[in-house]
Amino acid sequence: MSERRDDLIAFLDATLEAAAFPDYGPMGLQVVGSERVERVVTAVSSSLALFEQAAQARAQLVVVHHGLFWDRDSRVVSRVMRDRLRALFDADINLAAYHLALDAHDSLGNNAQIVRALGLEPESTPFAVSGGQPIGKIARATQPLSPSSLVERVETAIGRPHATFMHGPSSIRQVAVCSGSGASFIQEAQSLGADALLTGDMAEPAEMQARELGIHFIAAGHYATEVFGVRALAGLIAEQRDCEASFLDLPTIA
């Protein structure tokens with residue numbers, strides 16, 4: 001049981017509509033390895049530990065949310081980059097990355113999955129636009145939530161938040177969701193009528209902004225809010241393609 005690498009990558013590119021999302025680096029296939037794929041590992045972020053564990057699992061393809069190459073980075077191959085590439089080359093592993101496209105996808109994406117996990121209903125309002133495409137989600141509660149109830153749902157679905165600045169209304173009807181680094185969208189969330197913003201990272205201005213805007217702000221962790229998409233991708237690949245796939249959890253505190 002195996003897939004041609006190029007067929008599998010084409011499937012992922014098309015499913016996630018990767019070409020529609022201008023990004024901060026090359027998305028899709030980033031490192032070429034084996035032409036055939038029997039096992040796929042998905043994970044949040046590229047790292048030497050990930051590639052070593054993928055090699056131990058005898059995977060031929062690693063799919064991540066955060067790839068190896070970013071436009072802002074130096075083109076010098078550092079010691080860290082060299083070691084990561086060597087681990088991929090030695091095990092003949094392919095690496096593919098999907099960043100904004102995997103945040104934004106309407107069913108597989110981090111934000112859609114978070115909305116579902118919180119028991120909210122997605123709305124069609126564009127939110128957190130990046131590169132001309134909406135990345136985040138606006139969602140509504142079928143019954144109004146108290147601030148403590150929303151925090152409890154976040155703890156159950158994602159984990160204990162890094163920060164909660166609860167300065168919004170006592171009755172929460174709309175929640176803006178933007179996984180990862182979404183704190184800068186707090187004013188947009190409030191302007192769209194959201195009573196709360198759920199994101200990953202905590203940013204220094206967020207507490208005072210939340211207080212002044214009258215909105216709840218919850219930072220649930222960058223990593224914790226971005227496991228959803230790659231975990232869903234593993235399930236999709238295992239279900240629809242002729243290869244094995246599993247999610248590898250390498251959590252960070254960020």
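Reader: How many salt bridges does the count come to here?
Author: Keep in mind that this is a predicted model. Side chains of opposite charge can pair when their charged atoms come close. A pair counts when a side-chain nitrogen of Lys or Arg lies within 4 Å of a carboxyl oxygen of Asp or Glu, and by this rule the number of salt bridges is 11.

Reader: Which side chain does Arg241 meet in a salt bridge, and how far apart in sequence are the parts that the pair ties together?
Author: Arg241 meets the side chain of Glu3, at 3.0 Å from N to O. Arg241 sits in the loop between helix 10 (227–240) and strand 15 (244–247), while Glu3 belongs to strand 1 (residues 3–4), so the sequence gap between the parts they tie together is 238 residues.

Reader: What is the N to O distance in the salt bridge between Arg39 and Glu244?
Author: Let's start with how open the two residues are: Arg39 is partly exposed at 28% relative accessible area, and Glu244 is also partly exposed, at 42%. Their side chains meet in a salt bridge, and the distance from N to O is 3.5 Å.

Reader: And how many residues apart are Arg39 and Glu244?
Author: Their side chains meet in a salt bridge. Arg39 is in strand 4 (residues 39–45) and Glu244 is in strand 15, so this pair links distant parts of the chain, with a separation of 205 residues.

Reader: Which residue forms a salt bridge with Glu123?
Author: Glu123 is partly exposed, with a relative accessible area of 24%. The closest N and O atoms of the pair are 3.9 Å apart, and that puts them inside the 4 Å cut-off. The partner is Arg140.

Reader: Where does phi of Asp92 lie, in degrees?
Author: Most residues other than glycine have a negative phi. Asp92, in the loop between helix 3 and strand 6 (94–97), has a positive one instead, near 55 degrees.

Reader: Is Arg58 buried or exposed?
Author: Arg58 also has a positive phi, near 60 degrees, and is found in the loop between helix 2 (48–56) and strand 5 (61–66). Over 50% relative accessible area is the cut-off for exposed. Arg58 has 62%, so Arg58 counts as exposed.

Reader: Which residues lie nearest the centre of the largest pocket?
Author: The largest pocket holds about 430 Å³ of space and has a lining of 25 residues. By class, that lining has nine nonpolar, 11 polar and five charged residues. Nearest the centre of the largest pocket are Tyr24, His66, His99, Ser181 and His222.

Reader: Which helix gives the most to the lining of the second largest pocket?
Author: The second largest pocket has about 310 Å³ of space. Among the 19 residues that line the second largest pocket, Ala104, His105, Asp106, Pro134 and Lys137 are the closest to its centre. The lining divides into 10 nonpolar, four polar and five charged residues. With three residues, the element that gives the most is helix 5.

Terms used:
Residues numbered from 1 in each chain as written. Predicted model: local features only at pLDDT ≥ 70, side-chain atom pairs only at ≥ 80, totals over all residues. Heavy atoms only, no water. 1 Å grid on protein atoms, 1.4 Å probe; cavity = no way out; pocket = protein on both sides within 12 Å on 5 of 7 lines; lining within 4 Å. Points joined across faces, edges and corners; volume = space filled by probe spheres on them. Nonpolar A, V, L, I, M, F, W, Y, C, P; charged D, E, K, R; others polar. Helix = DSSP H or I, 4+ residues; strand = E, 2+ residues; numbered from the N terminus. Buried < 20%, exposed > 50% of the residue type's maximum accessible area, 1.4 Å probe, protein only.
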